[in-house]
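Work through the exercises below with the sequence and the structure side by side, and try each task before reading its solution.

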Amino acid sequence: MEHHDLLDEARAAASAAYAPYSGFGVGAAVLTNDGRTFTGTNVENAAFASTLCAEAVAIASAVAAGCRQIERIAVAAADGGPCPPCGNCRQIMNEFGVHHIVLEDATGEAEAHALEAMLPEAFGPEAVRRGQAQ
């Protein structure tokens with residue numbers, strides 16, 4: 001699957017966002033290592049801390065289907081333009097081995113970013129295991 005195809009799925013998911021407070025719909029699509037795709041959309045909540053990001057929803061859908069390795073994720077805003085993932089979502093991506101994050105650039109084209117560049121010196125499973133060895 002090409003980057004732009006995954007981004008198209010994320011754009012489609014954004015149209016289903018539940019964003020009555022911000023009006024900022026976001027969609028995400030993940031491509032798993034076994035070639036399946038899963039989508040998610042942001043789900044806002046009046047208690048803002050309970051809001052779910054599209055990226056977390058898409059990853060959780062993949063995990064619920066038994067996937068543990070995600071190759072790529074695309075993130076798109078319903079109104080177009082770049083929509084980089086929040087820090088929490090970047091950490092979730094790290095947990096499931098995401099290598100590339102596909103975003104729209106200012107012209108609407110698909111642009112891939114390495115997770116390592118967006119989340120340098122990430123805290124991951126190896127750090128937890130290292131702490132358990134002490």
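**Exercise 1. Decide whether Tyr 21 is buried, partly exposed or exposed in this predicted model, and do likewise for Phe 48.**

Solution. Step one is to recall the limits: a residue is buried under 20% relative accessible area and exposed over 50%, and anything in between is partly exposed. Step two is to apply them: Tyr 21 has a relative accessibility of 45%, so this residue counts as partly exposed. Phe 48 has a relative accessibility of 59% and therefore counts as exposed.

**Exercise 2. Describe how the rings of Tyr 21 and Phe 48 are arranged, and state where in the chain the two residues lie.**

Solution. A pair of aromatic rings is described by the distance of the centres and the angle of the planes. The count in this model comes to 1 aromatic pair, and it is formed by Tyr 21 and Phe 48, with 5.9 Å from centre to centre and 80° between the planes. Because planes over 60 degrees apart count as edge-to-face, the arrangement of Tyr 21 and Phe 48 is edge-to-face. Turning to the chain, Tyr 21 belongs to the loop between H1 and S1, while Phe 48 belongs to the loop between strand S2 (37-41) and H2, so that the pair links distant parts of the chain, 27 residues apart.

**Exercise 3. Find which residues make the nonpolar surface patch of about 520 Å².**

**Exercise 4. Trace the network of salt bridges to which Arg 11 belongs.**

Solution. Side chains of opposite charge can pair when their charged atoms come close. The model has 4 salt bridges by count, and the network links Asp 8, Arg 11 and Glu 104. Begin with Arg 11 and Asp 8, whose side chains meet in a salt bridge of 2.6 Å, N to O; these two are 3 residues apart in helix H1, and so they are separated by about one helical turn. Next take Glu 104 and Arg 11, whose side chains meet at 3.2 Å, N to O. This pair links distant parts of the chain, since Glu 104 is in strand S4 and Arg 11 is in helix H1, 93 residues apart.

**Exercise 5. Name the partner of Arg 72 in a salt bridge, and classify both residues by their accessibility.**

Solution. The partner is Glu 71, with the closest N and O atoms 3.5 Å apart. Arg 72 has a relative accessible area of 8% and is buried, whereas Glu 71, at 30%, counts as partly exposed.

**Exercise 6. Explain why the buried residues of helix H3 lie on the same side of that helix.**

Solution. First identify them: in H3, which spans residues 87-95, Cys 89, Arg 90 and Met 93 are buried. They cover an arc of only 105° around the axis, and this is why they share the same side of H3. Then look for what they pack against, namely helix H2 (54-64), strand S3 (70-77), strand S4 (100-104) and helix H4 (115-118). To finish, follow the chain beyond H3 to Gly 97, whose phi is positive, near 75°.

Technical notes. Residues are numbered from 1 along each chain as its sequence is written. This is a predicted model: local features need pLDDT of at least 70, side-chain atom pairs count only at pLDDT 80 or more; totals for chains, interfaces and linings use all residues. Side-chain values use heavy atoms; hydrogens and water are left out. Patches are made of residues with over 30% relative accessible area and no salt bridge: like charges are joined within 9 Å, nonpolar side chains (Val, Leu, Ile, Met, Phe, Trp, Tyr) within 5 Å. Accessible areas come from the Shrake-Rupley method with a 1.4 Å probe; for residues, only the protein chains shown count as cover. Buried means under 20% relative accessible area, exposed over 50%, partly exposed in between (1.4 Å probe, protein chains only). Helices (H or I, at least four residues) and strands (E, at least two) are DSSP runs, numbered from the N terminus. The arc is that of the directions from the helix axis to the C-beta atoms. Contact means heavy atoms within 4.5 Å. Rings of Phe, Tyr and Trp (its six-membered ring) pair if their centres lie within 6.5 Å; planes under 30 degrees apart count as stacked, over 60 as edge-to-face and the rest as tilted.
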